[in-house]
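Dear colleague,

Please find the structure for your studies below. My notes on its pockets and on one pair of helices follow it.

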Amino acid sequence: MTKEFQATQYRLESVKSGKRFDDEGWTLDAPGESDPSLIRAIYEKKQLEVKDKSFGIYRFADWLPIHKILEGSSAPATYKSEGLAKYLGLNNLHITFSGYWPEKGANFRTCSFKETEAYTVCGRLNSTDQVLVVASAGNTARAFARVCSDNNIPLLLTIPEDNLSALWFDEPIKDNVRVIATKSGSDYFDAIHLSNIACELDGFLPEGGAKNIARRDGMGTTVLSAVNEIGQIPDYYFQAIGSGTGAIAAWEANLRFIEDGRYGDNKMKLMVSQNAPFLPIYNAWKADSRAMLPLEDVLARKQVEDIDAKVLSNRKPPYPIVGGLYDALKDAGGDVLSATNQETLEAGKIFLETEGNDIHPAAAVAVATLIREAKAGNLDKDACIMLNITGGGEEKIRREKEVTFLKASHIFDINPDKGTVKEVLDKLFESSDIELDEVEV
């Protein structure tokens with residue numbers, strides 16, 4: 001990168017204990033603490049200084065835990081809605097769009113806000129002497145594949161076989177990116193299980209999911225974009241969730257803006273939504289339970305099969321953990337909502353007609369719940385509302401560019417043994433520059 005950049009200065013803090021400590025490079029947990037808790041980045045700069053748009057997502061580098069900046073990123077684009085706002089009778093609706101919409105300044109080549117995670121996580125990496133391991137239901141895999149391919153970062157993706165169609169790209173992916181999958185009928189939870197097995201082997205680095213401060217603070221750039229553009233902290237934040245990590249990130253960004261002092265001191269009500277019938281977070285919240293409610297594997301997989309927004313299918317979300325979604329909702333206020341496939345389909349059509357671009361089913365889930373809340377009169381027409389459109393423009397980019405698909409190198413059973421996984425991965429990466437050490441299995 002030709003741009004001058006100095007590593008962002010920050011320390012880490014345990015949400016549970018408040019203890020602060022240095023980042024050892026890839027710290028995911030508070031040292032010496034046995035109780036589960038998320039950790040947070042505490043940035044040296046308390047007031048955000050936004051760089052020019054040529055920096056892409058790194059225009060928000062003051063509040064990103066990164067050592068370097070990579071080529072090819074785009075920041076989320078926020079604009080004041082006219083069409084959807086008029087349709088809903090809302091006077092202060094703002095849309096933050098993370099997808100492909102060059103006319104609005106959004107150039108996410110994978111059409112998903114998961115690029116915000118990928119560029120930040122990879123910007124946190126100090127070296128590439130290990131293979132980064134990422135589990136995904138689809139969009140995250142596409143984003144990490146694009147970023148790691150473009151920047152020569154070794155990557156192993158694990159994904160359910162039924163979601164492989166999500167791995168489309170506007171340019172071919174290089175060989176430093178490999179994909180393995182869990183067989184048809186499995187879900188995201190099974191892909192996570194497979195990634196955990198891989199991470200037990202030497203030479204593989206777990207990306208960390210919600211525990212990774214870079215993932216959360218990358219997602220938080222949607223709120224940084226919105227507040228910077230609007231000039232104030234919104235009253236409401238609407239987003240569809242699978243894990244809820246994006247909503248946790250929004251809450252954390254909100255707290256930083258309160259400390260910044262220039263944008264207000266309110267907390268956005270978190271209006272998060274799931275796609276029925278897969279409603280594990282919805283059900284736990286409605287029962288006022290910090291713990292997730294029991295959900296049988298077979299039923300969970302059937303529910304995931306039934307939803308249109310496949311990316312919203314996390315069975316073990318960071319909801320109960322200290323600093324997780326339960327705490328975010330309790331602190332900020334808000335609600336967990338739901339939308340059916342039919343409501344989601346209709347909402348996607350309404351967004352296209354009123355705003356002018358296609359959106360992913362997950363984003364349409366959020367739109368569906370916003371429509372319902374507005375029509376029920378639950379929102380003040382003058383309230384400042386942020387609608388986080390987490391993916392869109394896929395039909396647009398496919399009209400403009402030819403796409404290619406990335407295939408899985410191996411399909412595993414739902415519960416593969418460690419020895420089999422090691423044997424497959426040794427072969428997959430034997431031609432790479434990464435030497436995988438011998439380990440006992």
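Helix 11 contributes six residues to the lining of the second largest pocket, the most of any element. The model is predicted, so local features need pLDDT of at least 70 and side-chain atom pairs pLDDT 80 or more, while totals for chains, interfaces and linings use all residues. Residues are numbered from 1 along each chain as its sequence is written, and side-chain values use heavy atoms, without hydrogens and water.

A pocket here is an open set of points on a 1 Å grid over the protein atoms alone, where a 1.4 Å probe fits, with protein on both sides within 12 Å along at least five of seven lines; lining residues have an atom within 4 Å of a point. Helices are DSSP runs (H or I, at least four residues), numbered from the N terminus.

The second largest pocket holds about 640 Å³ of space, a volume being the space filled by probe spheres set on the points, which are joined across faces, edges and corners. Its lining has 28 residues, and Asp308, Ile359, His360, Pro361 and Glu394 are the closest to its centre.

The largest pocket holds about 950 Å³. Helix 4 gives the most to its lining, with seven residues.

Helix 4 (residues 188-199) also packs against helix 14 (residues 418-429) at about 75°, with axes 9 Å apart; axes are lines fitted to C-alpha atoms over the stretch in contact, and angles run from 0 to 180 degrees between N-to-C directions. The two helices are therefore roughly perpendicular (65 to 115 degrees).

Yours sincerely

Terms used:
Angles under 35 degrees count as roughly parallel, over 145 as roughly antiparallel, 65 to 115 as roughly perpendicular and the rest as oblique.
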